Amino acid sequence: MKKIEIFLVVIIILVALTGVLYQQKVESEQKAELVLLVDKAVQLIDENGEAAFPELRSSEWVHNDSYVFVWQLDGIRVVYPPDPSGEGKNMTDLVDSDGKPIGKLFIQTAENGSGWVEYMWPKPGETAPSLKITYIKKAEYQNQTYLVGSGIYI
């Protein structure tokens, strides 16, 4: 009887480990896709400046719950596909549900070149916050510097 119990425990551990590894693989693939999307948007802005903004508002740049957004480094949001009326607002003081200063973190991340910001944010249509990670990268056109980002819920 003891051998059967040990065998079952080993099987349960292996199944759980397989699930964790699969989830990590999926997250890694999602993050890689996000980096490619943001890199493509940065390239578009680096080549065309503000002329790229109308294209970035199009459906090509929106994927499920993620989209590409653009801010100036002073915190002014200039591209925000889910709600274009939110463009022109200063987002520097944006905080997540835990009070984390994500507006400032987005700007700092862009100033450093690129990186990830992790925070709690409600999914569209929900009120309870979920873990979200956003990839931020700096774009430059002539004398203007922008931050370009896109995020996914984990």
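**Reading a sheet and its helix**

A: In this predicted model, five strands form an open, antiparallel sheet in the order β4-β3-β7-β6-β5.

Q: Which strands stand at the edges of the sheet?

A: Strands of a sheet pair through backbone hydrogen bonds, either parallel or antiparallel. Here β4 (77-79) and β5 have a single partner strand each, so one side of each is left without a neighbour in the sheet. From one strand to the next, the twist averages 35°.

Q: How many bridges join β3 to β4?

A: Two bridges join this antiparallel pair. Across from R77 in β4 stands W71.

Q: Where does α3 lie?

A: Helix α3 lies across β3, β5, β6 and β7. It runs at about 165° to β5.

Q: Which residues of α3 are buried?

A: Buried means under 20% relative accessible area. In α3 (residues 102-111), that holds for I102, G103, F106, I107, T109 and A110. They sit on the same side of α3, because they cover an arc of only 160° around the axis.

Q: What covers the buried residues of α3?

A: The cover includes β3 (69-72), β5 (114-122), β6 (129-141) and β7 (144-153).

Q: What comes just after α3?

A: There G113 takes a positive phi of about 115°.

Q: Is K132 buried or exposed?

A: K132 is found in strand β6. Its relative accessibility is 5%, so K132 counts as buried.

Q: Which residues does K132 touch, not counting those up to four places away in sequence?

A: K132 touches Y67, V117, E118, Y119, W121, G151, I152 and Y153.

Note on methods. Residues numbered from 1 in each chain as written. Predicted model: local features only at pLDDT ≥ 70, side-chain atom pairs only at ≥ 80, totals over all residues. Heavy atoms only, no water. Buried < 20%, exposed > 50% of the residue type's maximum accessible area, 1.4 Å probe, protein only. Helix = DSSP H or I, 4+ residues; strand = E, 2+ residues; numbered from the N terminus. Arc of directions from axis to C-beta. Contact = heavy atoms within 4.5 Å. Pairing = 2+ DSSP bridges. Axes fitted to C-alpha atoms, helices over the stretch in contact; angles between N-to-C directions.
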